[in-house]
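Hi,

Here is the structure I promised to pass on. Please open it alongside this email; my notes follow below.

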Amino acid sequence: MSIFVFQRFAILFLITIKQLLMSVLRSIVHMDLDTFFVSCERLLDSRLNNKPILIGGTSDRGVVASCSYEARAFGIHSAMPMRMAQQRCPEAIVIKGNSATYSKYSRLVTEIIKEASPLYEKSSIDEFYIDFTGMDRFHGVLKYSSELRERIIKETGLPISFGLSPNKTVSKIATGEAKPNNQIEITNGHEKSFLAPLSVRKIPMVGLKTYQSLCGLGIRKIEPLQKMPVELMERAMGQNGVGIWKKANGIDSSPVIQHNERKSISTERTFNQDTIDVVKLKGILSAMAENLAFQLRRGARLTGCVTVKIRYSDFQTQTLQKKIPYTAADHELIPMIMELFQRAFNRRLLVRLIGVRYSSLVSGNHQLDLFSDETDYASLYKAMDQIRVRYGDRAVIKAIGLQAKTIGGWNPFNGEPPALLANRRS
Ligand SMILES: [Mg+2]
């Protein structure tokens, strides 16, 4: 073999090794807006700066959706009953919260991240994962991420923190450690030592119940969990235990899933006989809106855009869509669907098909619905959804929608097979 051929093999070999390393070693940024709702309120009213602020439902059963660091000093945290929070800090300023404002700022931040990032996931209204893998060839990833963070702060006025590491779990935990208004990089090989001294509660999968089980095993910090054989965790807590053990060891290969404004859930119905019965049409639309909202809640999603579709007997199709504050609440969605229908249904013609679509979906539980205080909507929905899960999606339905046929009891977010009439575009 000549030297020349050998050289070529050596170069090819090195390139392959480099590509292999590149594909294994990722650069994942987790960005999270600090006390997001509070920061938005402070942008609108600077008198709220440096004061203990509670945002959430103000009724008897209201819950804290977000609170300022000044309030946290009193031992207050989100999801705490508002009454208890007010007892702990009577001088706190209580604000009902405004989902339209928060949705507006969330979109502003999303636009900046979208423009600057090759691949990003919007994991909630105030949280993002960005995959900057391979970017080190052109810019330093840390420098680029810092500049992006500075840009968001400068253009929106909102404080934001980030964690940078080779995977999502470590980056998310790093963001939590960086807060407030700061950044941390955990380089490859330092994941375990970074995690070791932290409480096991910092692992994203660990809620109160799991935490108590781990305490029962004598584990409070991540370090003893790292040193434990994985088989032991599997025996104690099953597959969930294996997942927790992996995260404790800084192992996480889950990908950043590209956010797509067009991703949607929808349902439509073609009539056997074309109709112009407006009461019937509205009833069906209401049932559709309600069923899709149930599916959003079941998949822990919120929608930021609603569309109504009408096809007339002459096959002309009219669609109207509207950007809305992020929500998964029937009492907010149904009136918007009705308003769109009123505007869209403008020809005196028989209708062949109607449909509803929710798009611009983001992950998130109904934290945005926690502000309503006339009725306790959050617990109402929880109760209704439990009945639906148990007895089928038609077990509870608003009276107006009683004429509608079932439109599917599947969960579009966990891969269960879709029903005939519902469809999913991703
Ligand atoms: Mg946040």
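Strand β1 (residues 28–33) pairs with β6 in the antiparallel sense, over 5 bridges. Within that pairing, Val29 has Ile130 of β6 as its bridge partner. Bear in mind that this is a predicted model.

β6 also pairs with strand β5 (residues 120–124). The sense is again antiparallel, with 4 bridges. Here Ile130 of β6 is the bridge partner of Tyr120. β5 and β6 form a hairpin, and 2 residues lie between them.

How well covered is β6, which spans residues 127–131? It is mostly covered, with 5 of its 5 residues buried. In a regular strand, side chains alternate between the two faces of the sheet. Both faces of β6 are covered. Glu127, Tyr129 and Asp131 are buried on one side. Phe128 and Ile130 are buried on the other.

Now the helices. α12 (residues 278–298) packs against α13 (residues 330–344) at an angle of about 140°. Their axes are 9 Å apart. Angles over 145 degrees count as roughly antiparallel and 65 to 115 as roughly perpendicular, so α12 and α13 are oblique to each other. The crossing of α12 past α13 is right-handed.

From α12, the contact uses Lys282, Leu285, Ser286, Ala289, Glu290 and Ala293. From α13, it uses Asp330, Leu333, Ile334, Ile337, Met338 and Phe341. By class, this contact between α12 and α13 has 8 nonpolar, 1 polar and 3 charged residues.

Best wishes

Terms used. Residues are numbered from 1 along each chain as its sequence is written. This is a predicted model: local features need pLDDT of at least 70, side-chain atom pairs count only at pLDDT 80 or more; totals for chains, interfaces and linings use all residues. Axes are lines fitted to C-alpha atoms, for helices over the stretch in contact, and angles run from 0 to 180 degrees between N-to-C directions. Angles under 35 degrees count as roughly parallel, over 145 as roughly antiparallel, 65 to 115 as roughly perpendicular and the rest as oblique. A crossing is left-handed if the near helix is turned anticlockwise from the far one by less than a right angle, and right-handed if clockwise. Two residues are in contact if their C-beta atoms, placed from the backbone, lie within 7 Å. Ala, Val, Leu, Ile, Met, Phe, Trp, Tyr, Cys and Pro count as nonpolar, Asp, Glu, Lys and Arg as charged, and the others, Gly among them, as polar. A residue is buried if 20 or more other C-beta atoms lie within 10 Å of its own, exposed if 12 or fewer, and partly exposed in between; C-beta atoms are placed from the backbone. Two strands pair if DSSP finds at least two bridges between them.
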